[in-house]
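The sequence and the structure are shown first.

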Amino acid sequence: MLSIGEQIRKLREDQRLPLRKVAAELDIDQSILSKIERGERKASKDQIIQIARIFSVDEKELLINYLSDRVLYDLKDEDLATAALKVAEKKIKYMTKNQNGK
């Protein structure tokens with residue numbers, strides 16, 4: 001499983017695009033993009049959406065990887081992470097159900 005940064009780097013390298021070109025399309029400095037690819041800095045949700053468009057990949061797939069990394073980094077050092085994720089999933093389903101009036 002690739003982190004979102006590793007996935008971005010792989011997409012860029014697979015399309016043989018230089019860091020500076022992708023960074024310019026994102027309107028960020030190439031050092032920032034490099035840090036995102038190395039996992040030293042987090043991309044924003046908007047940047048992930050832009051990246052999906054730049055590389056013509058499924059936006060939903062990229063966003064899922066992005067969100068899973070956010071959850072991972074928040075919970076990775078917690079002993080109760082798996083249990084918390086199970087409860088969070090139930091809460092999400094409950095809230096979605098109530099918001100949709102079902």
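An axis here is a line fitted to C-alpha atoms, for a helix over the stretch in contact, and the angle between two axes runs from 0 to 180 degrees between their N-to-C directions. The model to which this is applied is a predicted one.

**Helix 1 and helix 3**

Two packed helices are described by the angle between their axes and by the distance between those axes. For helix 1 and helix 3, the axes come within 6 Å and cross at roughly 120°. Angles of 65 to 115 degrees count as roughly perpendicular and those over 145 as roughly antiparallel, and helix 1 and helix 3 are therefore oblique to each other. On the side of helix 1 the contact is made by G5, E6, I8, R9 and R12, while helix 3 contributes L33, S34, I36, E37 and R38. Sorted by class, the residues in this contact of helix 1 with helix 3 are three nonpolar, two polar and five charged.

**The buried face of helix 1**

Helix 1 spans residues 4–14, and its buried residues are I4, G5, Q7, I8, L11 and R12. Seen down the axis of helix 1, these buried residues fall within an arc of 160°, so they line one face of the helix. The partners against which the buried residues of helix 1 pack are helix 2 (19–26), helix 3 (30–38), helix 4 (45–55) and helix 5 (59–75). Just after helix 1, the backbone at R16 takes a positive phi of about 55°.

**Two residues beyond helix 1**

I48 is found in helix 4, whereas L17 is found in the loop between helix 1 and helix 2. I48 counts as buried because its relative accessibility is 0%, and L17, at 24% relative accessibility, counts as partly exposed. Leaving out residues up to four places away in sequence, I48 touches I4, I8, A43, L62, L63 and Y66; with neighbours within four places likewise set aside, L17 is in contact with R12, V22 and F55.

| Pair | Separation in sequence | C-alpha to C-alpha distance |
|---|---|---|
| I48 and L62 | 14 residues | 6.9 Å |
| L17 and F55 | 38 residues | 9.8 Å |

Among the residues touched by I48 are I4 and I8, both of which belong to the buried residues of helix 1. R12, one of the contacts of L17, is likewise among the buried residues of helix 1 and also takes part in the contact with helix 3.

Definitions and conventions: Residues are numbered from 1 along each chain as its sequence is written. This is a predicted model: local features need pLDDT of at least 70, side-chain atom pairs count only at pLDDT 80 or more; totals for chains, interfaces and linings use all residues. Side-chain values use heavy atoms; hydrogens and water are left out. Buried means under 20% relative accessible area, exposed over 50%, partly exposed in between (1.4 Å probe, protein chains only). Helices (H or I, at least four residues) and strands (E, at least two) are DSSP runs, numbered from the N terminus. The arc is that of the directions from the helix axis to the C-beta atoms. Contact means heavy atoms within 4.5 Å. Angles under 35 degrees count as roughly parallel, over 145 as roughly antiparallel, 65 to 115 as roughly perpendicular and the rest as oblique. Ala, Val, Leu, Ile, Met, Phe, Trp, Tyr, Cys and Pro count as nonpolar, Asp, Glu, Lys and Arg as charged, and the others, Gly among them, as polar.
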